[in-house]
Amino acid sequence: MSQTIKLNKGFTINLAGKAENKISETDHPETFAIKPAEFNHLTTAKMLVSEGDNVKAGTPIFFEKTMEDVVFCAPVSGEIAEIKRGEKRKVMEIRILADKQVEFEKSKAYSNSDLSNLDREALQDILTKGGVWPNIVQRPYGCVANPSDTPKSIFISAFDSNPQAPDYGFVFDGCEQYFQAGVNVLKKFTSGRVHLNTNLNGEVSPLFAKAENVEHNKISGLHPAGNVGVQIHHIDPVNKGDIVWTLAPQGVIEIGKLLLEGVYDTSKLVAVTGSQIENPSYVKTYTGACLNKLISGNVKEGDNRFISGNVLTGESVGEDGYLSFYHQQITVIPEGKYEELFGWITPTTKKLSFHKAFGLLSFLGGSNKEYVLDTNQHGEHRNFVVTGEFEKVLPMDILPNYLFKAILAEDFDDMEALGIYELVEEDVALCEFIDVSKHNLQEILREGIELIKHG
Amino acid sequence: MKLLQKKFDSVKHHFEKGGKWEKFHPIYEGHRTIFFAPDLVTAKKGTQIKDGNDLKRMMFTVIIALIPCLLFGMWNVGHQHYIATGIDATLLDKFLIGAIRTVPIILVSYGVGLGTEFVFCVVRQHPVEEGFLVSGLLIPLVMPPTIPLWQVGMATIFAVIIGKEVFGGTGMNILNVALLARAFLYFAYPSQISGDVWTYLGDTPVVDGFSGATILAYGAEAAANNTDMMQLVAGHWSAGMFDFWNMFMGIMPGSIGETSTLMCLIGAVILVATGVGSWKIILSVFVGAFAMGSLFNLTGGNSFLQMPAHYHLVIGGLAFGAVFMATDPVSAAHTELGKWIYGFLIGVLTVLIRVVNPAYPEGIMLAILFMNVFAPLIDFYVVEANKKRRLKRATV
């Protein structure tokens, strides 16, 4: 029962500095880090290693207290250089001084026919112990899936519609067998279907087009059409009590590699993008890599912001910061800490705007024009004033204004009734971008999700 | 630019924590951000870039949309003055005398209103918000040209405090601030805002037969005495003043800025093209008024009921209210379906109040305030419907 879904809401942000489809040679980063805080709802990370220990790629380094089966593994081999702790000795960051050559922990490699004979329990054991489990994210809440749940369906979005997003066709080229193995494994975890959603208006790489054992759905529309949350809403929505799992293709491939090769191999092509990058292209590295080596010599002069992820949902980590577990993109854009004389009224074609208020002329530029945007907020924080705009960039039957106000008022019933279970931060990123009153809506939504999960 | 920045920087320390005018920090920021868009950057996590639009720019767009009404209004005040006094005058003369009446009202409105806002900003320590930028111009435009300035000041203070600040400032108000100012005068000082106040005469003697009545006054009179309204209108001292197209142009007595439907429509085009005003509300107000007018035409009764329905769209403040007042995003319905209902009911109520209630010949003000109060109720049902759809989906 494949579906074709046409979305007519959204806004595609076209920025300068998209990665060219080529791989640039860079030095292997000296350090890698894994940050327990970036996995939502990890309450207490229990360390399995201490500073000075040597680890291989795939060596378990910590587990979560509430889900003891799920271990988080080192992405590369080397020495545990530092375990950074914050308040109440909470583990913030585990830093690994990496070997020049990555050595892997070896586990059993299965053939495709062996795999089909494995049952769910055996597979669950392999995935949770092998380090790939955190790739499975559950909705509601957008946190690492609980292995004891059985999701009603599993969703994989086969395209990323975010600004300057990596081209999945390019980065996953040659990973067909791993992807297929990963999908076959995932199928055993759900009572329903595994949905693979491709872009109706774009070229679909054979990796996805030829995938078997999945429901092929086609999605068309502007960003956020590639967001898995939007796809779930239209194909198999999350109601109260429902659980759906989501994975990025990279996660599926890592699962496939673990089973077929017996290694926790997080090597991936990462898009290095942004208007402050001289030659935007792809680099090959592992999860949690330090940014500096990957972009050295490739960054333009100036006060820059270094982002793990894209400009809508990413995090500013600094030049020596680390790539997040879930990110496959590095973005460098100029900082915008400057005052602008009459900046609130001067007509301009340079500032991108979803709105057309006086003097905002970017709508004349057409969709092919690439913009160079900095981090200036263009105005101060205000109360909510404008209505009816968020709905235009959120292609779901959800009333964002009311949901945000319910969160601010800590009204649990309303949050639930207005659809908080269906959303994670990335879904409201465009609302945050276009918000005239400059709220940090992703943060507000996360607060709401925390409230509803933990009460 | 550098010079101005230095000037601001040189006094900045007084307004910062520990400075001698620490409390006045919101006023300092308020002024600085008029000259300079602030140097704020996006948060560490989340959206790293932001849309170029902000509330200042949005509000300023409304000001621009109001300019045609303002300029035409100034001219019309002068024009009405000279035809009532029978003096030939040039365009410039008319405009000047209009400006002499109008500009002080605007200055008082902004001066008093911003002063009140500043007091609240200092007391409450909240930033100077842009809402009054628009309210400050809307208030003069819905006043008669003869209004005493102290009343403008009183009304503005009332509207800013009771209409807005007690609820928490811009974005939190329930009622439209500018209309509240007018409603305040309507009930506190009725003699200065109804009757023969719509033409500025000054000390100049009027021509024979002059009457300051508006077409709504003729309507009310006809309804009360059961006379023929159209006949009364035809006998107006200035022939042709209340012809449909003349009224569409707005060359008749009335509040300073709201007589001209044409100018309001120009404003509407600006608001709709820039996406600042909701076209759904504007359109549905007109549709509602026309529908109610047509219904009265069908039922018949007195001659006011039988006034052609399309007249309702060009008389009184309907167009101005529809374009600039009903579209206030804060006090209007917040849901898209709600906007249709809200606008339509404003149109219906306006005509109902006009025609059936002789005590208040101008209905749009009360209709909008009334619907401001009911907008949350309309939204409530639209939101409930959304929740129900989600629940229903769960059980299927």
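Guide: One term to start: pLDDT is the predictor's confidence in each residue, from 0 to 100. You need it here, as this is a predicted model.

Visitor: Okay, where in chain B is confidence lowest, and where highest?
Guide: Helix α8 of chain B, residues 215-225, is lowest, with a mean of 85. Helix α11 of chain B, residues 261-273, is highest, at 97.

Visitor: What's the mean pLDDT of chain B?
Guide: The mean is 92. 99% of the residues of chain B reach 70 or more.

Visitor: And the scores for the model?
Guide: ipTM is 0.93 and pTM is 0.94.

Visitor: Back to α11(B). How do the axes of α11(B) and α13(B) cross?
Guide: At roughly 15°, and the axes come within 9 Å. Angles under 35 degrees count as roughly parallel, so α11(B) is roughly parallel to α13(B). The crossing is left-handed.

Visitor: Which residues make that contact?
Guide: From α11(B), they include C264(B), L265(B) and L271(B). From α13(B), F320(B) and V323(B) are among them. By class, the contact has eight nonpolar residues, two polar and no charged.

Visitor: New topic. How many residues of chain B are in contact with chain A?
Guide: 53, and they meet 65 residues of chain A. On the chain B side, α2, β1, α3 and α15 each supply at least two residues. That side divides into 21 nonpolar, 18 polar and 14 charged residues.

Visitor: What does β1(B) pair with?
Guide: Strand β21 of chain A, residues 340-341. Two bridges join the strands, which run antiparallel. There, E340(A) stands opposite A37(B).

Conventions. Residues numbered from 1 in each chain as written. Chains lettered and ligands numbered in written order. Predicted model: local features only at pLDDT ≥ 70, side-chain atom pairs only at ≥ 80, totals over all residues. Contact = placed C-beta atoms within 7 Å. Helix = DSSP H or I, 4+ residues; strand = E, 2+ residues; numbered from the N terminus. Nonpolar A, V, L, I, M, F, W, Y, C, P; charged D, E, K, R; others polar. Pairing = 2+ DSSP bridges. Axes fitted to C-alpha atoms, helices over the stretch in contact; angles between N-to-C directions. Parallel < 35°, antiparallel > 145°, perpendicular 65-115°, else oblique. Left-handed = near helix turned anticlockwise from the far one by under 90°.
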